[in-house]
Structure formats: structure tokens, C-alpha cells
Amino acid sequence: MPVKPVAGKFRHLPSLHLVLLIVNLMVLLLPLGSIYFLKLYENELIRQTQSELIAQSAFIAAAYKQEVLDILGNANRFDTYGVAIPPRNSGEYYLPVPLELDLAREEILPPRPEGRASKVLADDIALDAGARTTPILVDGQRTTLAGMKVFDYQGIAVAGRLELGQSFAHLPEIRHVIETGEPISTLRKRVFPGSPPLASMSRGAGINVFVTFPVRTEDRLIGIVQVNRTPKDVLKALYASKENVLFGGILVLLVAVGLTAFTAYTISRPIHALIRQTRQLSDGEPDDLLPINQPVTREIASLSESFSGMARTLRHRSDYIRNFAMHVSHEFKTPLTSIQGAVELLQEHIETMTPEKRGQFLANIAEDTDRLNRLVSRLLELARADVIQPLAEPVDILPLFDRFASRYRDQQLKIEIKNGTGEDRLCARIAPEVLETALANLLDNSLQHGASQVRITMDQDDHAVTITVTDDGEGISDANRENIFTPFFTTCREQGGTGLGLSITRSLLEGHHGSIRAADSEKGARFVIMLPLAQ
């Protein structure tokens, strides 16, 4: 009976379209999630802020240096002012400062400590130069929103808005610059005052970027510049570019929908086509199921080809079973009808029937019973041939043919064997009893069709052994050539033929990856057997 669709049974399962959409949306959310949770975008904002602060520090250092040099006036004093630091090794004209801040590696220091009362006085030249530089810092701070300070070579604040005259030499950044003469960038936690003096959208982050920059001559440190600013918050930076973010989001969403449609076209559509074919197969539609058109992918194409081949095999097997059942019922019906008729006649007329007549009916019953026994035996052989497992061990077939020649010599059948290979051994991958059964069926057919001589020729190539069996009997007519391997087809039913011998032979050989076919012959019948060669 046809199989009913069971789609309702799986309504609780998500469709492939939904799964693909969810997967693509998850892929879409991965980079957005990494921006927020992995701080990728925030790290870039910090480096952008660091780059801006380095540029500002360099210009402030250049202005302060020029003020100090103007105050010193006498060039001889340049070599003694400030503190000695390691000279630069590079002879390059340009000396860029690399951007090395990284949230994944950088330690975030506590908020910057306040200045301490200095035990020593600030340098007079530094105070004078700082007083000249302070208006520049205050004016620039209005635009850059950055905190700016200038220290003398001792770490005492000499320029800025607050904490002038206090010492910051205890800060690790200041000590680093005093000892090495090299700039340093650090991250510190931000302190949120009640009313920040520089309120802006950039004050949302929880850290401050500090750049501490040396003011130096060739080998003397004459001052220190420190500039700090809070980088933009990630969400506020995205909000500031909301038009671009919205456009990019829509674009990525369209790409995700396009990918979903593409994957649905390449996967879902062919699968639905295969589902329709399975329903056609289960409903028993007579047309052959062909591979689906435009499978798109190799896997779907391979699956469709396999399914189409399976459908053809099942349809062929179904037709074979149906025809086989019809032939079996026909073959069994004839002797059973004859037996039933003879029994009924004996039951009704046994008392008035002559002994000769009774003997004739009993002989008919015995003959029909014997025919039924032969049919049952042949059917069992055919069933075993259909499920036989091929033998993996090689078998030398030459001794087997010699035994056949002597066995059939007593039945007045002359067998001539010709080994065209010239080898002492000819090994095929087949069970010896299978080859014996196949040859016995062919030789029995030759005897039934009046043959007196059979010639067996053997040859081989790189892959197969070829056995040609030719007799001098009645041969096979063109009309019967296509039917000789059909079960129960025989032209010798009166001589006891069942029509199963060649069917059994073909099943046995195909079970061992071999084959048999009827070839043209000027006289008699000719069969060509192909067996896999054993190395």
C-alpha cells in the first residue's frame, strides 16, 4: 500500500530555510559581537587617541624647547643645561613614535596620583619657559579637550592650568623619561568628577590615554611634556557614524539574506525535488525517476544519481518478482492441474477402471510429481545463486575443465579444451563449485539440443578470463536469443527442461562479478563467460 506522507510528524522541527537564516545571522553577529566584547574597535579608538596625543606632545615639546633655547641665549650653556640621557643611536631624520597600546596586553594603571610638594625648586629657566608656554596650552586645550602639562627635567610642573610647582617625579612615566629620554604611552583608569570641566561625548570611556614625551637636545633632557585624553566610547563612536553603520548593517543584512537564498537554492530546492521523487516512488508511479535537473552541487548531484539508480533497481526488482511469481504459478499450475484431474478420475472410477488405465494415471501423477520436485530444486538453486557471496581466493580452473571432459565422455559428449593463454595455471576469482554448476548447465543444454561435441576455449587479458563454450547442436534461433536467460523459458519442456538452468548460471556468475552472454555462431550455440582475473 502507498506510504502516507509524514510531514506533519516533523512540524516541530525547524525548516532548512530557518536554520540557514539563523546560521547566517549568527555569522553576521560574530564580527559585531567581537567589536563590543573583544574591544577590537575600542582598541583602534585608543590607538587613534594615542596617535593624536603623540602629535600634540611633539608640537608642545618643540615650542617649549624653542622657549628654553631662546632664554639660554648662550650656546655654550646648551651642553650643561638639563640632565644627561642616552643619545639617540638612529641617524634618521624622521623619528616616528610607534603605536604600541593594546588593550589585550596593556596594564591599566590606577588614576594618575596628584602632585607632591617639591623638596627642590623648579628650574628658573624652566619656569620662565613654562610661563610663556602656558597660554598656548590653555588655548589649545579648548579645541583638543586634552589635559596638558609641561615639567622641567626634574619632573616639576612648570606649565599648565593646575598643580604648577608640584613634583610628579614619583610617576613611573616621568621616571622612565628622565632615565631613558624616550617617550612612553600608558593607560590609566579614569576618575569621574561630579562636574567634569571638559564635558563632551568623548568622556564616556573608563580609561585615559597618557603620552609622556621628552623635550631633549641630542643628549640632554631639558623638559617633559605629558598629554592625556579619554578615547571615544565604542557605542558613542558608532552613534556618531550612525548613517554609515546603518548603511553597513543593511548591506550586511542583504548579503546574509542573499547567502540564505543562495544556500536554500543550492540545498533546499534539490532536497525538495528528492522528496517529491521519493513520494512518486512510494505511490508507485510507472515513469522512471530521472536525476533532478540543476542539482547545483556535486554532493546533491551524486545523491540524485544514487537515488535514481536505487529507484531503477527497486523497480526492476519489483518487475522481476512480479514476472517471476507469474511464471512460477504457471509452471506449478500445469502439473498440479494434471495431478488433480488424475486423482479425481481415480476417486470416481477406480472400481470400474481397468488395471492398465489405473497404471497410466498413476504414472502421470508420478511424472508430474517428479517435475514439481525438479522445479522446487531448481528454484532453490536460483535462490541460492541470487544471494551467493563471491569468493575472494583465486582458483585454478584448468584442472576443473579436465574433470568435466572425463565426466561427460560417458554421456557420448566429446569435449575439446583449448588453452589460448599458453600458461600452466589460469586463475580466476570464483568458487570452483559455482563454475562447475555454470558449466554443467551449459553442457546439459548442449545434450538436450542434440550436441555431440563441445569446444571450450580459454583466454585472458589484464583484467578478466574469457571462456567460450561452443557446441554443434541445434543452436539458438534469433527469436529465442533474447529470452534464453528468462526464468522458465525452455524449448525442451517435454524432455524435462525447467527453463531455469541459464537463469541460475547468470545469477551465479554475476554474484562473482562475472557475466555470460550468447554469441553468434554459424552452427550450434556459443556462450561467452567473463570471469575476474586473479593476480
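Reply: Two strands are said to pair if DSSP finds at least two bridges between them. The elements themselves are DSSP runs numbered from the N terminus, helices being H or I runs of at least four residues and strands being E runs of at least two. Residues are numbered from 1 along each chain as its sequence is written, and this is a predicted model, in which local features need pLDDT of at least 70, side-chain atom pairs count only at pLDDT 80 or more, and totals for chains, interfaces and linings use all residues. Side-chain values use heavy atoms, with hydrogens and water left out.

The description starts with the strands. Strand β13 covers residues 453-460 and pairs in the parallel sense with strand β11, residues 414-419, over six bridges. Within this pairing, lysine 418 has threonine 457 of β13 as its bridge partner. β13 also pairs with strand β14, residues 464-471, this time in the antiparallel sense and over seven bridges. Here isoleucine 456 stands opposite valine 469 of β14.

A cavity is found on a 1 Å grid over the protein atoms alone, as a set of points where a 1.4 Å probe fits but cannot get out; a pocket is instead an open set with protein on both sides within 12 Å along at least five of seven lines, and lining residues have an atom within 4 Å of a point. Grid points are joined across faces, edges and corners, and a volume is the space filled by probe spheres set on the points. The structure holds one cavity of 30 Å³ or more, and the largest cavity has a volume of about 30 Å³. Its lining is made of Leu442, Ser446, Val469, Thr470, Asp471, Ala525 and Phe527. β14 gives the most, with three residues.

α10 has 17 residues and reaches 24 Å from its first C-alpha to its last, close to the 24 Å expected at 1.5 Å a residue; the expected span is 1.5 Å times one less than the number of residues. A residue counts as buried under 20% relative accessible area, as exposed over 50%, and as partly exposed in between, with a 1.4 Å probe and protein chains only. By that scale, the buried residues of α10 are Val434, Leu435, Ala438, Leu439, Ala440, Asn441, Leu442, Leu443 and Ser446. Leu442 and Ser446 are also among the residues that line the cavity. Just after α10, glycine 450 takes a positive phi of about 75°.

Helix α3, residues 124-144, has 21 residues and reaches 29 Å between its first and last C-alpha, close to the 30 Å expected at 1.5 Å a residue. At its start, a side-chain oxygen of aspartate 123 reaches to within 3.1 Å of the backbone nitrogen of isoleucine 125. α3 bends by about 35° at threonine 133, and proline 135 follows within four residues. The bend is the angle between axes fitted to the seven residues ending at a residue and the seven starting there. Threonine 133 counts as buried because its relative accessible area is 1%. A polar atom of its side chain lies 2.7 Å from the backbone oxygen of alanine 129. Other buried residues of α3 include Ile125, Ala126, Leu137 and Gln141.

Most residues other than glycine have a negative phi. Leucine 145 lies in the loop between α3 and β4 (147-151), and it counts as partly exposed because its relative accessibility is 25%.

Finally, there is the open pocket. About 730 Å³ of space lies in the second largest pocket. Its lining has 23 residues, of which Arg88, Leu95, Phe213, Pro214 and Arg216 lie nearest its centre. α2 (40-72) and β8 (207-216) each supply at least two residues of this lining, and the largest share, five residues, comes from α2.

Key: A polar contact is a pair of N or O atoms within 3.5 Å; within protein, one must be able to donate a hydrogen and the other to accept it, and residues adjacent in sequence count only if both atoms are side-chain atoms.
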